[in-house]
Amino acid sequence: MMESCNCFEPHWSADELLMKYQYISDFFIALAYFSIPLELIYFVKKSSVFPYRWVLVQFGAFIVLCGATHLINLWTFSMHTRTVEVVMTIAKVLTAVVSCATALMLVHIIPDLLSVKTRELFLKNKAAELDREMGLIRTQEETGRHVRMLTHEIRSTLDRHTILKTTLVELGRTLALEECALWMPTRTGLELQLSYTLHQQNPVGYTVPIHLPVINQVFGINRAVKISPNSPVARIRPVAGKYIPGEVVAVRVPLLHLSNFQINDWPELSTKRYALMVLMLPSDSARQWHVHELELVEVVADQVAVALSHAAILEESMRARDLLMEQNVALDLARREAETAIRARNDFLAVMNHEMRTPMHAIIALSSLLQETELTPEQRLMVETIMKSSNLLATLINDVLDLSRLEDGSLQLDDGTFNLHALFREVVNLIKPVASVKKLLLALNLAPDLPEYAVGDEKRLMQVILNIIGNAVKFSKDGSISVTAFVAKAEYLRDVKAPEFFPVPSDTHFYMRVQVKDSGSGISPQDLPKLFTTFAQNQAKSASRNSGGSGLGLAICKRFVNLMDGHIWVESKGLGKGCIATFIVKLGIPEQLKETKFLVMPKIPSSHVRSHFSGLKVLVMDENSVSRAVTKGLLLHLGCDVATVCSSSECLQAVSQEHRVVFMDVYVPGIDGYEMAVQIHKKFAKPHERPLIVALTGHADKVTKENYTGAGMDGVILKPISLEKMRMALSELLEHGLIFEAI
Amino acid sequence: MDVAQLKRQLIAFTELLYREGFLDEQFNQLQQLQDENNPNFVAEVVTLFFEDAERILNELANNLDQQSVDFKKVDAHVHQLKGSSSSIGAQRIQRVCIIFRTVCNEKNVEGCLKCLQQLKHEYALMKSKLETLFNLEQQILAAGGPPSI
């Protein structure tokens, strides 16, 4: 035996066949065991992620050690030393340790590994589900986009045909339809007429009755409804031997009218008329209507309804606007024509006025010249009447032009103080001749409380009274005419026919009521309102006699009376029963003068005028040589002893107690005059020594006159001065010590 | 020519002057003032007027010729002329003066010059007409008839 080499002997002999097989197997095992970690390392290195490196190391160690064990085993088949045996033992021990450790560890790891697998599966499912949902959302998005695009197309036009056509086209495109049709209700509402189709160019009056069950069904709900391809509304295209027609869907399109827009019940309850939209999928395509497609169709149908109603509203408003424009043009034309007419009338009036005035003025001028000559009293009376009548006529001519100014409202009254009583007397005097020719009795009755003087427009008041009395005379064949005038008290002021006219007298004004009653032909009730309209004459009257009036009279009167804050009306009991014309006007009460005696005598009657002032010493101051000479001539003619100066300084030097009157021409109203007057007042302290100071001026307004009297002047005479004027001025001065009214 | 014919001529001429607005009522007044105490009153006044007017017209021409027109002075002169003309009844001249004053207020030099032209024109006319009138009167006087109307 070999005990001395300390070797071990294998249990079996190395030549045994079994030993040989074991030897080879061990070799291969070792090889495999060494190559496995290599492979692992190689593949793990290749893949980027492997969570269990620690396990790998362990496993690797285990495998390597097993391989080592089997490798070392190879040496134990033959005689081997103790070292080998020891190594073998160590290897085996290590292997045992590691493998047990590995086994223990695997208990922990394997469940983990398994769970990884399940999680992977779960995530894969989830991903698939999400993919599906994504697909759905995308589809919906698509649909939504289509709807928006469709709506945009539909709403981008306001023409109903375009709207409907576009709807069909876009729907057809979006949903890839074979055919799309719109049936509109006819006027009678009993049938549906094929109005628009996608592919057929000219649908020719193809109608179906509206009360078919399928149609009622569709109209009954507001959703898209699948209908049979064989129903009459769907059979619009030629059946060209296709096998399976595609599915058909129909939806109602409400046709809204303007009055249907009630917020609360829109659109269910308020619409009565529907159109029918029919959509057909392509045949043989095996496509089906999907929910989202149906929703799309419903939305589109609603949008179409709205768009159609907008188009209807627009049509309506365009039509209204065209109508208005036409009317505008017509009105404009009418206005321009009216303006032309007014201008023509004004031009005519102006021209006629001028033509009429010229001879008038000649008459007036020559009559006044005539007045200056030697006349017998009767002649004088006649000439005076001619003068007055022609003055009146001139006023009337003025007023024909005034009427147009009256109508514009641009006429203003010429107020002044005048003698009311005298006015009436003058009117009566004017009318008396005409009245007596017609054998009419004219009676004037002035109330005792009617003031003698009043403030108002004398000329126009006279015109009004004259017109009314004239009318009374004109329209009476016989009988009498009575004129009464009195101050109107409150209870008489109101006329039942004009209750809004409520005049109130005051301290500065009073209301005068004048009534003219005649027993003439009267006026029928239907003509009464027309009396005061311009140019409207009583047709019946003018037929019976030549009335000769201009038709303007009463209209002008009414306007004048209105301007005087008054009211005028006519009453008549009927034809042949005479009539009563009444008017009320507001007149001012003339203010009392500051002097103690209220002597308003603007014209001193000629009998009181002194005709000669011999020896009266007067001083005339005038810068203008010509007017100085004229004034001097005037005064000389009247017998005065005249001294003249040409400046204010000379005047102050020359004036003395002997001069009774100083006439001074005032160039700049007020300034020089004041100074002069003041100086003269200063010069003569005692009032009775001072000469009377009279201003001569060409400017004549009330303010100036009051300024003069305030400055201490005793009177104002307006240039140009006539002989009469000077005579009267001197008389008044010498009698009263001053001149009341500028003359 | 005998007195009656001359007189008729005078009347006609005077009427013409009134009608055409050369004279107005004031002139008539002047004529009334002429009497035996004052036999040449009208002639004197008219002569004064001519002198005055000519003076004023010259002044106006000077004033309006300046670079910067003194409208106040112009206005003053025109006012004087207006006063004179109204005193003797030269209606047309007076009217032009009124217009002149308005234009002067607007400080319109062009307008003023135009008015001045018109004034000169009217004045010349007036002068010649009045001279004719006086001539007629002289003739009547010479022929032995009573003066004036």
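Predicted model: local features only at pLDDT ≥ 70, side-chain atom pairs only at ≥ 80, totals over all residues.
I started with A:Arg145, which forms a salt bridge with A:Glu142, the closest N and O atoms being 2.6 Å apart. My criterion for a salt bridge is a side-chain nitrogen of Lys or Arg within 4 Å of a carboxyl oxygen of Asp or Glu. Both A:Arg145 and A:Glu142 sit in helix 3 (residues 82-155) of chain A, three residues apart, about one turn of the helix.

Residues are numbered from 1 along each chain as its sequence is written, chains are lettered from A and ligands numbered from 1 in the order in which they are written, and side-chain values use heavy atoms, with hydrogens and water left out.

**Antiparallel sheet, chain A**

I looked up the open sheet of six strands, in the order 3-2-1-6-5-4, with antiparallel pairing. Helices (H or I, at least four residues) and strands (E, at least two) are DSSP runs, numbered from the N terminus; two strands pair if DSSP finds at least two bridges between them. Strand 3 (207-209) and strand 4 (225-227) of chain A are the edges, each pairing on one side only. From one strand to the next the twist averages 35 degrees. Axes are lines fitted to C-alpha atoms, for helices over the stretch in contact, and angles run from 0 to 180 degrees between N-to-C directions.

Strand 1 (residues 179-185) and strand 2 (residues 191-197) of chain A pair over five bridges, and I found A:Pro185 partnered with A:Leu192. Helix 4 (residues 160-175) of chain A packs on this sheet, touching strand 1, strand 2 and strand 6 (273-280), at about 150 degrees to strand 1 of chain A. Contact here means heavy atoms within 4.5 Å.

**Parallel sheet, chain A**

Next I took the open sheet of five strands, ordered 15-14-16-17-18, with parallel pairing. Strand 15 (641-645) and strand 18 (715-718) of chain A each have a single partner strand, so one side of each lacks a neighbour in the sheet. Neighbouring strands are turned by 25 degrees against each other on average, direction ignored. Five bridges link strand 16 (residues 661-665) with strand 17 (residues 692-697) of chain A; A:Val661 has A:Leu692 as its bridge partner.

Helix 13 (residues 625-637) of chain A lies across strand 14 (617-621), strand 15, strand 16 and strand 17, at about 165 degrees to strand 15 of chain A.

**Chain A against chain B**

I then checked the contact, which takes 20 residues from chain A and 23 residues from chain B. The chains bury about 1900 Å² between them, 60% of it on carbon and sulfur atoms; buried area is the accessible area (1.4 Å probe) that two parts lose on being put together, summed over both. I count zero salt bridges between chain A and chain B.

On the chain A side, helix 6 (291-372), helix 13 and helix 17 (723-736) each supply at least two residues. Helix 13 of chain A gives the largest share, nine residues.
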